[in-house]
Amino acid sequence: MLDQLWIFPLLGAIAGVLAGLLGVGGGLILVGALVWLLPLHGIGPDAAMHAALASSMASIVLTAASSAYAHHRRGSVLWTTVAWMAPGLLLGGWLGSLLAVALDGAVLKWGVIGYCLLAAAQMTFGRVRAGGGDAAPAGPGISAAGTGIGAVSALVGIGGGSM
């Protein structure tokens with residue numbers, strides 16, 4: 001089994017390339033691939049979905065920090081929006097993770113499938129919105145949105161950028 005561990009770094013590279021090409025994060029790609037690969041490496045099918053979500057989220061922490069730093073160096077981060085959204089993201093991530101732990105792997109799998117279909121529909125049929133002006137979004141509404149984004153992210157194993 002140790003001679004097959006090369007597949008995981010390869011999976012990370014493929015997810016990164018596909019994420020760059022499609023313009024969304026690699027979380028959904030990682031979750032789908034890990035749900036298939038982990039049972040082949042001794043993880044029980046019932047635990048595979050939970051392990052895939054947790055593994056995806058752990059890798060997202062590192063890639064998000066790296067990406068945020070790169071965007072910050074270019075002056076592209078709206079820190080006011082981040083300050084308003086972060087508490088909601090943390091609360092939603094915590095609540096979503098509690099729910100994810102309580103749900104059966106099959107329910108989570110169907111949730112991920114549903115989210116993939118919604119993301120695909122958005123990419124296919126969504127409209128590009130005009131610029132919203134010069135003011136950075138801020139306020140309690142952004143915090144509430146962050147709570148929803150954090151919860152869904154924890155349930156489907158993504159970073160939340162697609163939302």
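Here is a chat about a predicted model of a protein chain.

Q: So what is this built from, how many helices and how many strands?
A: The protein chain has six helices and zero strands. Keep in mind that the model is predicted.

Q: And what pattern do you get reading along the sequence?
A: You get α-α-α-α-α-α. The radius of gyration of the protein chain is 17 Å, close to the 15 Å that the globule rule gives for 163 residues, so the chain is as compact as a globular protein of that length.

Q: What box do the C-alpha atoms fill?
A: Roughly 55 × 30 × 30 Å, taken along the principal axes.

Q: Where is confidence lowest, and where is it highest?
A: Helix 1 has the lowest, with a mean of 80, while helix 4, residues 79-102, has the highest, at 95.

Q: Okay, helix 1 then. Which residues does it cover?
A: Residues 7-22, and L10 is one of them.

Q: Is L10 buried, exposed or partly exposed, and why?
A: L10 counts as partly exposed, because its relative accessibility is 39%, which falls between the 20% limit for buried and the 50% limit for exposed.

Q: Which residues form a nonpolar patch on the surface with L10?
A: W6, I14, V17, L18 and L21 form that patch along with L10. Together they have about 600 Å² of accessible area.

Q: What about the accessible surface of the whole protein chain?
A: That comes to about 10,300 Å², and 71% of it belongs to carbon and sulfur atoms.

Q: And what share of the residues is buried?
A: Buried residues make up 26% of the 163.

Q: Let's look at some of those. Where is G146, and is it buried or exposed?
A: G146 lies in helix 6. It counts as buried, because its relative accessibility is 0%.

Q: What is G146 in contact with, leaving aside its neighbours within four places in sequence?
A: M85, G88 and L89. G146 and M85 are 61 residues apart along the chain, yet their C-alpha atoms are separated by 5.1 Å.

Q: Switching to helix 4: is L90 buried or exposed?
A: L90 has its place in helix 4, and it counts as exposed because its relative accessibility is 64%.

Q: Last one: of the contacts between residues at least 6 apart in sequence, what share joins residues at least 24 apart?
A: In the protein chain, 74% of those contacts do.

Note on methods: Residues are numbered from 1 along each chain as its sequence is written. This is a predicted model: local features need pLDDT of at least 70, side-chain atom pairs count only at pLDDT 80 or more; totals for chains, interfaces and linings use all residues. Side-chain values use heavy atoms; hydrogens and water are left out. Patches are made of residues with over 30% relative accessible area and no salt bridge: like charges are joined within 9 Å, nonpolar side chains (Val, Leu, Ile, Met, Phe, Trp, Tyr) within 5 Å. Accessible areas come from the Shrake-Rupley method with a 1.4 Å probe; for residues, only the protein chains shown count as cover. A salt bridge is a side-chain nitrogen of Lys or Arg within 4 Å of a carboxyl oxygen of Asp or Glu. Helices (H or I, at least four residues) and strands (E, at least two) are DSSP runs, numbered from the N terminus. Buried means under 20% relative accessible area, exposed over 50%, partly exposed in between (1.4 Å probe, protein chains only). The radius of gyration is taken over C-alpha atoms; the globule rule is 2.2 Å times the number of residues to the power 0.38. Contact means heavy atoms within 4.5 Å. pLDDT is the predictor's confidence in each residue, from 0 to 100.
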